[in-house]
Amino acid sequence: AAFDKAFVVDCVPENHPGALVTGKDLEAFCRERKIAGFSGKAKADLVALIKREAPEAVIFDEIYATFLAMAQRDGRKILKPKVAEEVRQAAAAMSINEHLAHAFSGGPSEVSIFWRDAHGIPCKARIDKLKPRTLVDLKKSDNLRGRSFADALRRDLVAYRYDIQAEHYFQGYAHLYDFAREGRIFGDCPLRADWGSRIADPDSIEFTWVFRSTVGAPICKGVRLPRTSPVLNRARREIAD
């Protein structure tokens, strides 16, 4: 219900059979109905001509203009059908995994942190889902070689240097922890006023990647990384460099 309130699937010609979509469709319609004077006209002029001579014609541009006006009126963002389906499939795959069913429920989403590091360099991070004891980040895995999903995830972690992301976010979280106690929070926060005192301290926080397979079976798997993991030593040095 929350998803449908915030988003709407884009209006596409496939859902309106018989509608005139392209300039060639409009010309063919004029030819079929023996409407004179259509040759060489721009699309907008063809639409005006057809509306005058055959007002019963269904023109996709008019349908889409109404769709856009309604989406804007309702404050809904437009998603392409393929993207919307991907979102629903991902949500369904996670909901049937008992370990991940609540990974993206509760707590604020897309929490942005802005800080300056020890050298005064401006930094930023955006946490997909902030939980009391872990930072949750959603990833896709294109396991095109047909490896086991666990093996594919390990390879992705190395190939895309996700350890750098985790370390950078851990550093940002240390600032978030302080900002929460100082009241330096901007924008709508869905949590109770004392949430800053209820989250884990920076040394106890964990990072959790939720991987979703984009090919084959709709598999989801979580990978946890504690703040104290030695895996982060290399990332810490490279960030400092």
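**Helix and strand packing in a predicted model**

Me: In which sense does helix 2 pass helix 3, left-handed or right-handed?
Reply: The model is predicted, so-called local features need pLDDT of at least 70, side-chain atom pairs count only at pLDDT 80 or more, and totals for chains, interfaces and linings use all residues. Residues are numbered from 1 along each chain as its sequence is written, and side-chain values use heavy atoms, without hydrogens and water. A crossing is left-handed if the near helix is turned anticlockwise from the far one by less than a right angle, and right-handed if clockwise. The crossing of helix 2 and helix 3 is left-handed.

Me: At what angle do helix 2 and helix 3 pack?
Reply: Helix 2 covers residues 23–32 and helix 3 covers residues 43–53 (DSSP runs of H or I, at least four residues, numbered from the N terminus). Their axes, 10 Å apart, are lines fitted to C-alpha atoms over the stretch in contact, with angles from 0 to 180 degrees between N-to-C directions. The packing angle is about 35°.

Me: Which residues of helix 3 make the contact with helix 2?
Reply: Contact means heavy atoms within 4.5 Å. Helix 2 contributes Gly 23, Leu 26, Glu 27, Phe 29 and Cys 30. From helix 3 come Lys 43, Leu 46, Val 47, Leu 49 and Ile 50.

Me: Which residue in strand 4 stands opposite Phe 114?
Reply: Strand 3 and strand 4 (residues 122–130) run antiparallel and are joined by seven bridges. Opposite Phe 114 stands Lys 124.

Me: Which residue in the turn between strand 6 and strand 7 has a positive phi?
Reply: Strand 6 (residues 206–213) pairs with strand 7 (residues 220–226) in the antiparallel sense over seven bridges, and Phe 211 has Lys 221 as its bridge partner. The two strands form a hairpin with six residues between them. The residue with a phi of about 70° is Gly 216.

Definitions and conventions. Two strands pair if DSSP finds at least two bridges between them.
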